Amino acid sequence: MRWLAALVLLAGCATIPPAGPPAAFAPDLRGTWTGTWGGAPVSLVVSEQATGSGESGLVLGPWQVLGERYPTATGVLTSTVDGELVSTHMSGLLSDAGRGLVLTVRAQSAAGEQWLRLRLVDADRLEGTGESQLRWGPRGPARLVRRTRPPA
């Protein structure tokens with residue numbers, strides 16, 4: 001009976017795809033990106049870019065002992081959850097997917113864990129797909145266009 005309960009719990013979980021290898025070049029993605037995710041409004045505000053630890057490895061205090069360093073992005077993801085706009089902190093890794101730069105966004109909101117895997121199509125356009133852990137969160141194709149850039 002316990003295995004049935006575990007199976008039910010796992011069935012509701014979204015599988016987060018691993019990021020590819022770290023991006024060798026990280027263009028400035030800061031700014032406000034708006035568009036749709038699964039047909040509903042979405043916005044992504046990238047407020048900071050830095051270099052940080054990837055998804056795996058060993059970090060002791062401020063030092064990364066094992067694993068790779070990635071270009072990172074942080075900011076706010078606003079998505080439509082059960083008909084309402086919900087904003088939450090997001091973190092992202094910039095990776096090289098062979099055919100260009102990919103931003104993998106992760107956020108924890110009222111819709112459980114959410115992720116987006118977005119390819120940089122051109123300097124001001126991101127396209128990809130995403131999932132939410134719970135069924136009332138957004139899922140499906142995502143298309144965003146940069147509306148504002150940071151001051152020079």
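**View 1. Surroundings of Leu85 in the predicted model.** Beyond residues up to four places away in sequence, Leu85 touches Pro41, Thr78, Ser79 and Thr80, a contact being heavy atoms within 4.5 Å. This is a predicted model in which local features need pLDDT of at least 70 and side-chain atom pairs count only at pLDDT 80 or more, while totals for chains, interfaces and linings use all residues. Residues are numbered from 1 along each chain as its sequence is written, and side-chain values use heavy atoms, with hydrogens and water left out.

**View 2. Leu85 in its strand.** Leu85 belongs to strand 6 (residues 84–96); strands are DSSP runs of E with at least two residues, numbered from the N terminus. Leu85 counts as exposed because its relative accessibility is 58%, and exposed means over 50% (1.4 Å probe, protein chains only). Between Leu85 and Ala40 the C-alpha to C-alpha distance is 9.6 Å, at a sequence separation of 45 residues.

**View 3. The largest nonpolar core.** This core holds 21 residues, and Trp33, Leu44, Leu77, Met90, Leu118 and Leu144 have the most contacts inside it. Such a core is a set of buried (under 20% relative accessible area) Ala, Val, Leu, Ile, Met, Phe, Trp, Tyr and Cys residues joined through side-chain atoms within 4.5 Å. Elements giving two or more residues to the core include strand 1 (31–37), strand 2 (40–53) and strand 6. Strand 7 supplies the largest share, four residues.

**View 4. Contacts of Leu44.** Neighbours within four places in sequence aside, the contacts of Leu44 include Trp33, Leu77, Met90, Leu118 and Leu144. Gly31, Thr32, Val76, Leu103 and Val105 are also in contact with Leu44.
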